[in-house]
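Me: I would like to go through a model with you, one question at a time. Please give the cut-offs as the terms come up.

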Amino acid sequence: MEEETPHRKIIHVDMDAFYASVEQMDKPELRGIPLAVGGGGKRGVVSAASYEARKFGVRSAMPGFTARRLCPDLTFVRPRFDRYKEISSQIRKIFFEYTDLVEPLSLDEAYLDVTENKKGNPSASLIAKEIRQRILDEVGITASAGISINKFIAKVASDYHKPNGQKTVNPEEVIEFLEHLDVKKFYGVGKVTRAKMYQMGIYTGKDLKTKSEDFLTQHFGKSGGHYYRIVRGIHLSEVKPNRERKSLAAERTFSENIASEIYMLERLENIAEELQKRLKRSKVAGRTVTLKIKYSDFILQTRSKTLPYFVNDAAILLETAKELLYQEKMKNSVRLLGISLSNLNTNQEKKKPKEEKEFEVIQLTFDF
């Protein structure tokens, strides 16, 4: 059944190696060399890597010792989050000169709906180009952008010509673009799902499109319906300027691995107190407590429990985390512990999304 999608012009702007780019902008001696923001010691983790470092395979979330092994000449610098927030604020001010429909995803990326924009410019592609140039001229770092009819395609497209580039997927090009796309490029398809799809002979969007919604739901749960729709260009999520927070968390990476559960409980007490501060500062409470455990072999595990009432008290958070800790025998010594709270009371008034109906062909005729 055919259905026409809303006529939207969405831009996804993504800063290029944001933390590393800010460091190189502020410190000329760091320009042109392999650079990592984060800790380079035994326990350190890479928060961001410059493109010079990425050539050696250095990536964010990589252990510092692994990064040094891949790139012996790698230079590490400590992150300066206050500075990154300052630069991010400057960039957002530029966004708001074009539209009020700006949805930040993090400090370094955001969606913009420019279907109707403050400049009266009918071309989303030209707006994206102008925004990128202004970020370079006024802030001093580069950005890449993706432009298309919805958030999903715009985000995928923004990664196409990185760094300092942009890609537009026009309405009439959407289906072909998605069919030729490797499933690993689909936003939301992680390593495990990708491997599972490859084992099933699903390598591209075209392969994915041959599978029924029932088949995908059977093998991928609720995500199956999502995959069924996005490969057909269906993604009706709007750009939401006031995106509600879905969770709050606090975590700690330890200088030495912890094997004793008594020591773990001591650390969890401090983490619960920190999370309580953040919750009360944000004036929220939640029902679902999740314990995050990263073992010494870097295997990550989460355990969750949903309470019958909303909480933001450290004592209750700690008791629930303790229960989750004892839920299963520890597999190894631990390098990181964290507690998060989700199912927040800020989400209670959210309306149920309208049902998305399937369609095959997208027919939009406005200028991109």
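Me: Is Tyr84 buried or exposed, and at what relative accessibility?

Reply: This is a predicted model, in which local features need pLDDT of at least 70 and side-chain atom pairs count only at pLDDT 80 or more, while totals for chains, interfaces and linings use all residues. Residues are numbered from 1 along each chain as its sequence is written, and side-chain values use heavy atoms, with hydrogens and water left out. Buried means under 20% relative accessible area, exposed over 50% and partly exposed in between, with a 1.4 Å probe and protein chains only. Tyr84 therefore counts as buried, at 0%.

Me: How many aromatic pairs does the structure hold, and why is the pair of Tyr19 and Tyr84 called stacked?

Reply: Rings of Phe, Tyr and Trp (its six-membered ring) pair if their centres lie within 6.5 Å; planes under 30 degrees apart count as stacked, over 60 as edge-to-face and the rest as tilted. The structure holds 10 aromatic pairs. The rings of Tyr19 and Tyr84 are stacked because their centres are 4.3 Å apart and their planes are at 10°.

Me: Which helices does this pair of Tyr19 and Tyr84 link, and how many residues apart are the two?

Reply: Helices (H or I, at least four residues) and strands (E, at least two) are DSSP runs, numbered from the N terminus. Tyr19 belongs to helix α1 (residues 18-26) and Tyr84 to helix α4 (residues 81-96). The pair thus links distant parts of the chain, α1 and α4, 65 residues apart.

Me: Which residues form one aromatic cluster with Tyr19?

Reply: Tyr19 counts as buried, with 19% relative accessibility. One aromatic cluster holds Tyr19 together with Phe18, Phe81 and Tyr84.

Me: Over which ring does the charged end of Arg54 sit, and how many Å from its centre?

Reply: A charge sits over a ring if NZ of Lys or CZ of Arg is within 6 Å of the ring centre and within 35 degrees of the ring normal. The charged end of Arg54 sits over the ring of Tyr51, and its distance from the ring centre is 4.5 Å.

Me: With which side chain does the side chain of Ser158 make a polar contact?

Reply: Ser158 lies in helix α6 and is buried, with a relative accessible area of 1%. A polar contact is a pair of N or O atoms within 3.5 Å; within protein, one must be able to donate a hydrogen and the other to accept it, and residues adjacent in sequence count only if both atoms are side-chain atoms. A polar atom of the Ser158 side chain is 2.7 Å from the backbone oxygen of Lys155. The side-chain partner, at 2.8 Å, is His12.

Me: Why is strand β7 largely enclosed, and how many of its residues are buried?

Reply: In a regular strand the side chains alternate between the two faces of the sheet. In β7 both faces are covered, with Ala143, Ala145 and Ile147 buried on one side and Ser144, Gly146 and Ser148 on the other. Strand β7 (residues 143-148) is largely enclosed by the rest of the structure, because the number of its residues that are buried is six of the six.

Me: Which strand runs parallel to β7, and how many bridges join the two?

Reply: Two strands pair if DSSP finds at least two bridges between them. Strand β1 (residues 10-15) runs antiparallel to β7, with six bridges, and Ile10 stands opposite Ser148. The parallel partner of β7 is β8 (residues 166-168), and the bridges number three.
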